[in-house]
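Please look over the sequence and the structure first.

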Amino acid sequence: MTRTVARLRHELEVLSRLAKSLVSVTQLDDLLFEITRSVADVLEFPDCVLYLWDEKSELLVQRAAAGPKLDPMLRRVVDPLRLRMGQGIVGGAAALREVQLIDDVRSDLRYIADVRGGGLSELAVPILFHDRLIGVLDAEHREANSFTVDDAIVLSRFADLCAAAIVSMQLIEAARGGQLPPA
């Protein structure tokens, strides 16, 4: 795929906006929304969801969603999907700590449609910080065979870039609430 100069400029603008958010946003939910919005914008994914690993409940919890067809004012997931480790494609990415690129979810028994109805192809990337699971970035597309290995690499880089910012914000919010940070 050949990218135009205009497309490259757009991607750099989005990455610049994300970099600013990673160091300036003061609320975890706002940070998570900026991450999903940036992923959806740069990669032009119609649906991107960020799940955080909740060590207390031992569940992956949907915390933010974005995409070109989603209302950017809906920053919070109203009825978040909660998955056990290994449950669904997202839970598989978390359990294996490996990218899950599924060309056609109809052929994968692990597939679980999210609250927006899902799609036919899915890409799930674990978010790791020093080998500790933080969460999963998940993208779905309404058409089969929509994601490439290059998409998986770029989404993995997004996860790497954002992991430390998420952990830092979790520590800040835990300190604000007088709670101990996750182990």
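Phe45 and Phe147 are both buried. A single aromatic pair is counted in this predicted model, and Phe45 and Phe147 form that pair.

**Aromatic pair**
- Phe45 sits in the loop between helix 2 and strand 1 (47-54), and Phe147 in the loop between strand 6 (132-141) and helix 4, so the contact ties together parts 102 residues apart in sequence.

**Helix 2 against helix 4**
- The axes of helix 2 and helix 4 are 10 Å apart, and the packing angle is about 170°.
- An angle over 145° counts as roughly antiparallel, so helix 2 is roughly antiparallel to helix 4.
- Helix 2 contributes Leu28, Leu31, Leu32, Ile35, Ser38, Val39, Val42 and Leu43 to the contact.
- Residues met in helix 4 include Val154, Leu155, Phe158, Cys162, Ile166 and Met169.

**Helix 1**
- Helix 1 covers residues 5-24, and its 20 residues should span 28 Å at 1.5 Å a residue. Its end C-alpha atoms are 28 Å apart, which agrees.
- Arg7, Glu11, Val14, Leu18, Ser21 and Leu22 are the buried residues of helix 1. They lie on the same side of helix 1, because their arc around the axis is only 100°.
- An α-helix has 3.6 residues a turn, so residues three or four places apart point the same way.
- The other side of helix 1 has Val5, Ala6, Arg9, Leu12, Glu13, Lys20 and Val23 exposed.
- Helix 2 (28-43) and helix 4 (149-176) are among the elements that cover the buried residues of helix 1.

**Ile172 in helix 4**
- Ile172 belongs to helix 4. Its relative accessible area is 40%, so Ile172 is partly exposed.
- Between Ile172 and Thr26 there are 8.7 Å in space, C-alpha to C-alpha, although the two are 146 residues apart in sequence.

**Helix 3**
- Helix 3 (residues 88-96) is largely enclosed by the rest of the structure, because 7 of its 9 residues are buried.
- Those buried residues are Gly88, Ile89, Val90, Gly91, Gly92, Ala93 and Ala94.
- They pack against strand 1, strand 2 (59-66), strand 3 (82-84), strand 4 (100-102), strand 5 (121-129) and strand 6.
- Arg97 follows helix 3 and has a positive phi, near 55°.

Technical notes
Residues are numbered from 1 along each chain as its sequence is written. This is a predicted model: local features need pLDDT of at least 70, side-chain atom pairs count only at pLDDT 80 or more; totals for chains, interfaces and linings use all residues. Side-chain values use heavy atoms; hydrogens and water are left out. Helices (H or I, at least four residues) and strands (E, at least two) are DSSP runs, numbered from the N terminus. The expected span of a helix is 1.5 Å times one less than its number of residues. Buried means under 20% relative accessible area, exposed over 50%, partly exposed in between (1.4 Å probe, protein chains only). The arc is that of the directions from the helix axis to the C-beta atoms. Contact means heavy atoms within 4.5 Å. Rings of Phe, Tyr and Trp (its six-membered ring) pair if their centres lie within 6.5 Å; planes under 30 degrees apart count as stacked, over 60 as edge-to-face and the rest as tilted. Axes are lines fitted to C-alpha atoms, for helices over the stretch in contact, and angles run from 0 to 180 degrees between N-to-C directions. Angles under 35 degrees count as roughly parallel, over 145 as roughly antiparallel, 65 to 115 as roughly perpendicular and the rest as oblique.
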